[in-house]
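Let's take a walk through a protein together. Keep the picture open while you read.

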Amino acid sequence: MSSFGRTAREDLAAAAATIGRDAREQVGVRRRMLNQLLGTVFQLVVFSSLAKLVRGNRFATPEDYVGYVAVGLVGLAFLQAAVRPPVAVREQLLTETLERVAVSGFGAAKATAALLGFPFLYATASGVLTVTLAGVVFGVPVDLPGALLAFPLVPLIAFAFAPIGLAFGAVAIASPQATLGIAPFVAVMTLVSGAVFPVDLLPRVLRWAGDVQPFRPAIDLLRHVILGTAVQGSTAGELLRLAVFGAVALPLAATALQLAVERARRRGDLREL
């Protein structure tokens, strides 16, 4: 077997080990999983109540709005998965775990990228649970079997969202204050991605923000396959937007991550490198 083949196999094994470790940690904290389940139910109850309280002509029934928000929450779960690496990186820098990985053949940059694996898998499972609850408990009209097409969308969504996580990971390695920017970023993306209300309700000056990032088309496509709603523009166009964003942004983010690791090495932040 060529050296490239051995390296690729070793990298895949290391990435799988990282995903397995993160999965064991998540499953080991049962209270965290219970809190997330209760949080999802609480959010659906709140938006279901709001849908019954506020009347308008945008959604035909309260269930239609609950479905709209439920799929928006699925999209936000993937967004949360994308911004998980910087938090994990700071934790590993404090415990010097990242330094031990950095001196291995896997390296700090690949280890940071591997931190995206389990969060995206967990977001997928969380999305299934959210949509199931919305359909069974809140009467949301889920489009079956069309909703099963959401699963092939997940790799494309992960491909488009991954650069965000790598970029934040690079900043987290470069600055201990990087994680402070995560909450404002998620809040802004929630606002401009159409997760909980249509983007065209935003002030005109903010609407453009929905067209320059991958979160709105991702949520739009998820609603299309899960609820059977129409997409803005065309399905092919939205798929292309996700693919192009990932293809352009992923190499840039990966380069930024590698540069951040090299800079940390020179400064001595990763002392064993």
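Phe 185 sits in helix 9. Helices here are DSSP runs of H or I with at least four residues, strands are runs of E with at least two, and both are numbered from the N terminus. This is a predicted model, so local features need pLDDT of at least 70 and side-chain atom pairs count only at pLDDT 80 or more, while totals for chains, interfaces and linings use all residues. Residues are numbered from 1 along each chain as its sequence is written, and side-chain values use heavy atoms, with hydrogens and water left out.

What does Phe 185 touch, not counting residues up to four places away in sequence? The list is Leu 79, Val 83, Ile 164, Phe 168 and Phe 215, where contact means heavy atoms within 4.5 Å. Take Leu 79: Phe 185 is 106 residues from Leu 79 along the chain, yet their C-alpha atoms are separated by 10.0 Å.

## The whole protein

How many helices and strands are there? The protein has twelve helices and zero strands, so you read α-α-α-α-α-α-α-α-α-α-α-α along the sequence.

Of the 273 residues, 44% count as buried. Buried means under 20% relative accessible area, exposed means over 50%, and partly exposed is in between, using a 1.4 Å probe and protein chains only. Now take the contacts with a separation of 6 or more: 75% of them are between residues 24 or more positions apart.

## The nonpolar core

The largest nonpolar core has 66 residues. A nonpolar core is a set of buried Ala, Val, Leu, Ile, Met, Phe, Trp, Tyr and Cys residues joined through side-chain atoms within 4.5 Å. The residues touching the most other members are Phe 78, Phe 120, Ile 157, Phe 161, Phe 185, Leu 222 and Ile 226. Two or more residues of this core come from each of helix 2 (30-53), helix 3 (62-82), helix 7 (117-136), helix 8, helix 9 (182-192), helix 11 and helix 12 (235-267).

Phe 161 is worth a click. Leaving aside neighbours within four places in sequence, Phe 161 contacts Gly 75, Phe 78, Leu 79, Ala 82, Phe 120, Pro 214, Phe 215 and Ala 218.

Two packed helices are described by the angle between their axes and the distance between the axes. An axis is a line fitted to C-alpha atoms, for helices over the stretch in contact, and angles run from 0 to 180 degrees between N-to-C directions.

The axes of helix 8 (residues 150-174) and helix 11 (residues 215-227) come within 10 Å and cross at roughly 170°. The two helices are therefore roughly antiparallel; angles over 145 degrees get that name, those under 35 are roughly parallel, 65 to 115 roughly perpendicular, and the rest oblique. Helix 8 brings Ala 150, Leu 153, Ile 157, Phe 161 and Ile 164 to the contact, and helix 11 brings Phe 215, Ala 218, Leu 221, Leu 222, Val 225 and Ile 226. That makes eleven nonpolar, no polar and no charged residues. Ala, Val, Leu, Ile, Met, Phe, Trp, Tyr, Cys and Pro count as nonpolar, Asp, Glu, Lys and Arg as charged, and the others, Gly among them, as polar.

## Helix 7 and its partners

Helix 3 and helix 7 have axes that come within 9 Å and cross at roughly 165°, and are therefore roughly antiparallel to each other. Their contact residues include Phe 78 of helix 3 and Phe 120 of helix 7. By class, the contact has twelve nonpolar, three polar and no charged residues.

With helix 8, the axis of helix 7 comes within 11 Å and crosses at roughly 135°, which makes helix 7 oblique to helix 8. Phe 120, Thr 124 and Val 128 of helix 7 meet Phe 151, Val 154, Ala 158, Phe 161 and Ala 162 of helix 8. Those divide into seven nonpolar, one polar and no charged.

Thr 40 is in helix 2 and counts as buried, at 10% relative accessibility. Not counting residues up to four places away in sequence, Thr 40 touches Thr 130 and Leu 133. Leu 206, in helix 10 (residues 204-207), is partly exposed, with a relative accessible area of 33%.

Finally, find Pro 145 in the loop between helix 7 and helix 8. A cis peptide bond joins Leu 144 to Pro 145, with omega about 5°.
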